[in-house]
Amino acid sequence: MTVVITPMSAEDASRCAELEQLLFPGENPWSADAFRAELRQPHNHYVVARDVAPRDVSGPIVGYAGIARLGRASDPENEVHTIGVDPARQRRGIGRLLLDALLVVADAHGGDTWLEVRTDNDAAQELYRGTGFVVVGTRPRYYQPSGADAFSMRRLAPASRREPVQR
Ligand SMILES: CC(C)(COP(=O)(O)OP(=O)(O)OC[C@H]1O[C@@H](n2cnc3c(N)ncnc32)[C@H](O)[C@@H]1OP(=O)(O)O)[C@@H](O)C(=O)NCCC(=O)NCCS
């Protein structure tokens with residue numbers, strides 16, 4: 001099987017909601033309607049990961065992710081809204097593929113990229129660290145109904161991440 005990343009469409013919403021139920025059972029998992037509402041916002045960009053066979057490019061969805069392009073043209077920023085991988089397919093590089101796809105969009109838009117992640121979600125934090133995110137703050141009781149705390153993480157815009165030129 002090969003995994004490909006494609007834009008999410010309204011037809012994908014039900015499967016993504018199914019994955020949300022599996023991945024975020026205690027955190028108000030998004031419904032299919034919630035995904036469709038996200039897709040209607042022009043500043044949002046959502047993708048899915050599909051398992052595809054050589055002659056079947058419409059294979060099953062095994063992950064999804066979304067990002068919002070925010071701010072003014074003179075002061076852009078981005079916010080990762082969600083990312084999830086089918087529990088049966090985790091730890092095989094799919095999360096990284098999805099995140100990389102979002103970061104291509106963020107870098108084209110410009111500005112820093114922000115996200116929130118549960119303070120006890122080591123897997124996601126490691127994934128984010130691997131693409132340049134760092135913890136910049138804590139948001140107590142950010143997640144409801146669980147009341148779990150979140151870290152805010154930020155990835156600087158590519159230009160800000162460059163080392164200063166040595167003279
Ligand atoms: C976080 C998540 C999307 C990662 O997806 P994945 O496909 O398993 O991740 P990948 O296989 O692409 O791993 C990429 C990197 O993330 C980190 N990582 C992923 N899973 C990890 C784990 N269980 N423990 C520690 N690090 C982990 C590693 O640095 C890994 O790189 P490596 O394999 O070279 O060590 C997945 O665990 C998931 O869906 N979790 C539930 C939903 C969730 O928590 N979403 C984030 C909300 S903020």
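Two strands are taken to pair if DSSP finds at least two bridges between them, and the helices (H or I, at least four residues) and strands (E, at least two) are themselves DSSP runs, numbered from the N terminus. The model is predicted, so that local features need pLDDT of at least 70 and side-chain atom pairs count only at pLDDT 80 or more, while totals for chains, interfaces and linings use all residues. Residues are numbered from 1 along each chain as its sequence is written, and side-chain values use heavy atoms, with hydrogens and water left out.

In these terms, 5 bridges join S6 to strand S7 (residues 150–155), and the two run antiparallel; within the model, Val-134 stands opposite Arg-154 in S7. Strand S5 (residues 112–118) also pairs with S7 in the antiparallel sense, over 6 bridges, and here it is Trp-114 that stands opposite Arg-154. These strands belong to an open sheet of 7 strands with mixed pairing, in the order S1-S2-S3-S4-S5-S7-S6. Its edges are strand S1 (2–7) and strand S6 (134–139), each of which pairs on one side only. Neighbouring strands of the sheet are turned by 25° against each other on average, direction ignored. In a regular strand, side chains alternate between the two faces of the sheet.

Helix H1 (residues 13–23) touches strand S2 (44–52), strand S3 (61–72) and strand S4 (75–85), and its direction makes about 95° with that of S3; contact here means heavy atoms within 4.5 Å, while axes are lines fitted to C-alpha atoms, for helices over the stretch in contact, with angles running from 0 to 180 degrees between N-to-C directions. Helix H2 (residues 32–40) lies across S2, S3 and S4, running at about 120° to S2.

The loop between H1 and H2 holds Trp-30, which counts as partly exposed at 24% relative accessibility, where buried means under 20% relative accessible area, exposed over 50%, and partly exposed in between (1.4 Å probe, protein chains only). Not counting residues up to four places away in sequence, Trp-30 touches Ala-17, Glu-20, Phe-35, Glu-38, Tyr-46, His-81 and Thr-82. Trp-30 and Gly-110, 80 residues apart in sequence, are 28 Å apart in space, C-alpha to C-alpha.

Turning to the ligand, 20 residues surround it, the closest being Val-85, Arg-91, Gly-93, Gly-95 and Asn-121; a residue is near a molecule or strand if one of its heavy atoms lies within 4 Å of it. A backbone N or O atom of Arg-91 lies 2.7 Å from an oxygen atom of the ligand, a backbone N or O atom of Gly-93 lies 2.8 Å from a ligand oxygen atom, and a polar side-chain atom of Gln-90 lies 3.3 Å from an oxygen atom of the ligand. The protein covers 72% of the 910 Å² of accessible area that the ligand has on its own, an area that comes from the Shrake-Rupley method with a 1.4 Å probe.

Two further helical residues can be set side by side. Gln-125 has its place in helix H4 (residues 122–129) and is buried, with a relative accessible area of 4%; leaving aside neighbours within four places in sequence, Gln-125 is in contact with Val-117, Arg-118, Thr-119, Asp-120, Phe-151 and Met-153. Ser-160, in helix H5 (residues 158–161), is partly exposed, with a relative accessible area of 43%, and its C-alpha atom is separated by 30 Å from that of Arg-91, 69 residues apart along the chain.

How values were computed: Polar contact = N/O pair within 3.5 Å; in protein donor to acceptor, adjacent residues only side chain to side chain.
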